[in-house]
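This report goes through one protein model, from the overall fold to single residues. The sequence and the structure come first.

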Amino acid sequence: MNLEEALAKEGEIRPKLLAAITGKYQLDAKGVARVDACALGNWLHGEAESKFPLVKSYTPCVEAHDAFHAELEKVVRQINLGEYEQAQAMLGNGTPCTKAFVAMVAATRQFKKDARL
């Protein structure tokens with residue numbers, strides 16, 4: 001698993017959310033909330049879980065990834081309610097969603113280092 005590529009893919013969700021806000025169309029909130037639907041989550045909840053459960057930064061990495069998806073789900077709910085301004089504000093700098101992304105990146109990179117990947 002190339003974790004840097006996986007993180008880049010995770011970062012691609014923001015433009016998709018902004019496009020949904022601009023286009024005023026709905027998204028699949030349950031799909032966004034699924035922590036194993038993306039490449040990183042699938043790997044963390046699958047192969048990594050069996051190979052690296054004792055690496056001290058594995059659990060914080062999983063928790064940070066899951067927290068990011070929980071924040072994404074909140075944004076998608078606002079979009080689907082037609083609360084576009086509020087959804088856009090939720091994607092701004094310093095918001096829980098942005099902080100969750102930054103925390104996930106940091107936790108993943110720490111795990112990468114600790115697991116020597």
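How many helices and how many strands make up the secondary structure of the protein?

## Overall fold

The model is a predicted one. Its secondary structure comes to eight helices and zero strands, and the pattern along the sequence reads α-α-α-α-α-α-α-α. The radius of gyration is 15 Å, close to the 13 Å from the globule rule for 117 residues, so the protein is as compact as a globular protein of that length. The C-alpha trace spans about 45 × 25 × 20 Å along the principal axes.

Of the 117 residues, 38% count as buried. The protein exposes about 6,700 Å², and 53% of that area is supplied by carbon and sulfur atoms. Among contacts with a separation of 6 or more, 74% are between residues 24 or more positions apart.

## Nonpolar core

The largest nonpolar core has 34 residues. Within this core, the residues with the most contacts are L40, W43, L44, I79 and F111. Two or more residues are given to the core by each of α1, α2, α3 (29–33), α4, α6, α7 (84–89) and α8. The largest share, nine residues, comes from α6.

What does F111 contact, once its neighbours within four places in sequence are left aside? The partners of F111 are L3, W43, L44, F52, V55, S57, Y58, C61 and L117. Two of these partners, W43 and L44, are themselves listed with F111 among the residues with the most contacts inside the core. Another partner of F111, L3, is one of the buried residues of α1.

## Helix α1

Helix α1 covers residues 3–11, and its buried residues are L3, A6, L7 and E10. Seen down the helix axis, these buried residues fall within an arc of 100°, so they line one face of α1. In general, an α-helix has 3.6 residues a turn, so residues three or four places apart point the same way. On the other side of α1, E5 and K9 are exposed.

Which helices do the buried residues of α1 pack against? They pack against α2 (13–23), α4 (39–44), α6 (58–80) and α8 (96–115).

## Loop between α7 and α8

The loop between α7 and α8 holds M90 and T95. Is T95 buried or exposed? T95 counts as buried because its relative accessibility is 13%, under the 20% limit for that class. M90 has a relative accessibility of 22%, so M90 counts as partly exposed.

A polar atom of the T95 side chain lies 2.9 Å from the backbone oxygen of M90. Not counting residues up to four places away in sequence, T95 touches A89 and M90. The C-alpha atoms of M90 and E71 are separated by 8.9 Å, with the two residues 19 apart along the chain.

Notes:
Residues are numbered from 1 along each chain as its sequence is written. This is a predicted model: local features need pLDDT of at least 70, side-chain atom pairs count only at pLDDT 80 or more; totals for chains, interfaces and linings use all residues. Side-chain values use heavy atoms; hydrogens and water are left out. Buried means under 20% relative accessible area, exposed over 50%, partly exposed in between (1.4 Å probe, protein chains only). Helices (H or I, at least four residues) and strands (E, at least two) are DSSP runs, numbered from the N terminus. The arc is that of the directions from the helix axis to the C-beta atoms. Contact means heavy atoms within 4.5 Å. A nonpolar core is a set of buried Ala, Val, Leu, Ile, Met, Phe, Trp, Tyr and Cys residues joined through side-chain atoms within 4.5 Å. A polar contact is a pair of N or O atoms within 3.5 Å; within protein, one must be able to donate a hydrogen and the other to accept it, and residues adjacent in sequence count only if both atoms are side-chain atoms. The radius of gyration is taken over C-alpha atoms; the globule rule is 2.2 Å times the number of residues to the power 0.38. Accessible areas come from the Shrake-Rupley method with a 1.4 Å probe; for residues, only the protein chains shown count as cover.
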